[in-house]
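This report describes a protein structure, moving from local backbone features to the sheet, the domains and the ligand shell.

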Amino acid sequence: MSKPLNIAMIGYGFMGRAHSNAYANVSHYFDLPYKPVLKAVCARDKSKAEAFAAQWGYESVETDWKKLLERKDIDAVDICTPNNLHKEISIAAAKAGKAILCEKPLAMNVAEGEEMCDAVEKAGVANTVWYNYRRIPAVTFAKQLIDEGKLGRVFHYRANFLQDWTISADLPQGGAALWRLDAAAAGSGVTGDLLAHCIDTALWLNGSIKNVSAMTETFIKERKHTLTGKVEKVTIDDACTFMGRFENGSLALFESTRYARGHKALYTFEINGENASIKWDLHDLHRLQFFDYRDAGPLRGWRSIHVTDGDHPYMKHWWVPGLSIGYECGFVHQVADFITGMAAGKPVGPTFRDALETQKVCDAVLASAKSGAWTEV
Ligand SMILES: NC(=O)c1ccc[n+]([C@@H]2O[C@H](COP(=O)([O-])OP(=O)(O)OC[C@H]3O[C@@H](n4cnc5c(N)ncnc54)[C@H](O)[C@@H]3O)[C@@H](O)[C@H]2O)c1
């Protein structure tokens, strides 16, 4: 019989929904020592929070996250707010002895991230950051193949995260809906929002990045600010491209933008090794493309592996072989792994400390784009 794990969620936007779905469903598919209980949701607007609580089955509502953290009936706090609140809430939650699941990017910058790592480690609370793509089965399978040495020496790691939703110059910046376009709330633009995902996956699959040379661009220089009503300078990066070197000697090429007309959320990566290559594409997330040079000559070619069989990562918990699962399931897997790790007293990555490594790369990328020089991570 599972013990209850009382969850408090702060913020009920896009990620609030993705995480609530994961807590609500994880115990249907995974046998776990704890069963998440949707205890409280917190947001500033009481009536909206109440509507969310009713729709998703939260038992109670708070409008002040500080009050929420005082509650004795909360075991774990999930931070789904814009980036500028991650640090303050995490540190307070750690001091209150709560387990913490924090959205990415960990922080606005490395200095904040270091304080957050110190706080969770000092408090000894279980912690994770929602770099959810690690737990898409095809991506986890890529990790298995790499760890088994299937690629041999790695030469290249290439990643893209392309969107097109900010091309209109009429789009305002800031406020509840468009905080991503305001560096005061987001920290950075596509670097922290999109590239951070690519970087987390890359560090996990291919090890540390040593140095980077980056460029960023802000295509629309001024936008009306939702909060002030005035036309103000845009402070985020609309696009970011960087190259770099991994510690293992392979070369990195990364691009993210919100100006790639036609692309909505095209996250792709490709890794080229001495013996084999791997490709993955979020738009076809249950497939892993694999090329093995050691196959017999005439049969050599890219295999499109449908990662849906019982011996593929996580898949035995779902349907029968051949049936695919969706974007939302990566979050379910992260909750399952987090709970398993927490019960065993073993940290499960990405921890705050792991996410700090991604933050270091993001900061180096932004510093390099500013100075125009190669920058050590
Ligand atoms: N893992 C992923 O793939 C992924 C995807 C999208 C967003 N994110 C991250 O998740 C976080 C939230 O993004 P989102 O897309 O859900 O944003 P969103 O704008 O949809 O939701 C943000 C929520 O935070 C709430 N909020 C803001 N200030 C608050 C405060 N002071 N107290 C309580 N609640 C407050 C808002 O009311 C809203 O409900 C960000 O850090 C973002 O980078 C991660």
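This is a predicted model: local features need pLDDT of at least 70, side-chain atom pairs count only at pLDDT 80 or more; totals for chains, interfaces and linings use all residues.

Tyr 314 is buried, because 21 other C-beta atoms lie within 10 Å and the threshold for burial is 20 or more. Tyr 314 is found in the loop between S16 and H9. Its phi is positive, near 70°, although the residue is not a glycine.

## Other backbone features

One links Lys 104 to Pro 105, with omega near -10°, and Pro 105 is placed in the loop between S5 and H5. Another links Gly 349 to Pro 350, with omega near -5°; Pro 350 belongs to the loop between helix H9 (329-344) and helix H10 (352-371).

Helix H8 (residues 190-206) has a kink of about 45°, centred on Ala 196. Of the 17 residues of H8, 17 are buried, so the helix is largely enclosed by the rest of the structure. Gly 207 follows H8 and has a positive phi, near 85°.

## The nine-stranded sheet

An open sheet is built from 9 strands in the order S16-S15-S14-S13-S7-S12-S11-S8-S17, and its pairing is mixed. S16 and strand S17 (375-376) are the edge strands, each pairing on one side only. Strands of a sheet pair through backbone hydrogen bonds, in either the parallel or the antiparallel sense.

Strand S16 (residues 302-306) runs antiparallel to S15, and 5 bridges join the two; Arg 287 stands opposite His 306 in S16. Strand S15 (residues 287-292) pairs in turn with strand S14 (residues 276-281), again antiparallel, over 4 bridges. In this pair Lys 279 is opposite Gln 289 of S15, and a hairpin of 5 residues connects S14 to S15.

S14 also pairs with S13 in the antiparallel sense, over 5 bridges. Here Lys 279 is the bridge partner of Glu 270, and the hairpin that joins S13 to S14 passes through 2 residues.

Strand S13 (residues 266-273) has a covered face formed by Tyr 267, Phe 269, Ile 271 and Gly 273. Its uncovered face carries Leu 266, Thr 268, Glu 270 and Asn 272.

The domain assignment divides the protein into domain 1 (3-132) and domain 2 (133-376). The C-alpha centres of these domains are 23 Å apart. Their contact draws 38 residues from domain 1 and 39 residues from domain 2.

On the side of domain 1 that touches domain 2, at least two residues each come from H1, strand S2 (34-42), strand S5 (99-102), helix H5 (110-123) and strand S6 (127-129). H1 contributes the largest share of this side, 8 residues. By class, the side of domain 1 facing the contact consists of 26 nonpolar, 10 polar and 2 charged residues.

## The ligand shell

The ligand is surrounded by 21 residues, the closest being Gly 11, Gly 13, Phe 14, Met 15 and Glu 103. The shell comprises 11 nonpolar, 6 polar and 4 charged residues.

Helix H1 (residues 14-29) supplies the largest share of this shell, 3 residues. H1 also provides the largest share of the side of domain 1 that touches domain 2. The helix therefore leads in both the ligand shell and the domain 1 side of the contact, where the criterion is C-beta atoms within 7 Å.

Conventions
Residues are numbered from 1 along each chain as its sequence is written. A residue is near a molecule or strand if its C-beta atom, placed from the backbone, lies within 6 Å of it. Ala, Val, Leu, Ile, Met, Phe, Trp, Tyr, Cys and Pro count as nonpolar, Asp, Glu, Lys and Arg as charged, and the others, Gly among them, as polar. Two strands pair if DSSP finds at least two bridges between them. The bend at a residue is the angle between axes fitted to the seven residues ending there and the seven starting there. A residue is buried if 20 or more other C-beta atoms lie within 10 Å of its own, exposed if 12 or fewer, and partly exposed in between; C-beta atoms are placed from the backbone. Domain bounds come from an automatic or database domain assignment. Two residues are in contact if their C-beta atoms, placed from the backbone, lie within 7 Å.
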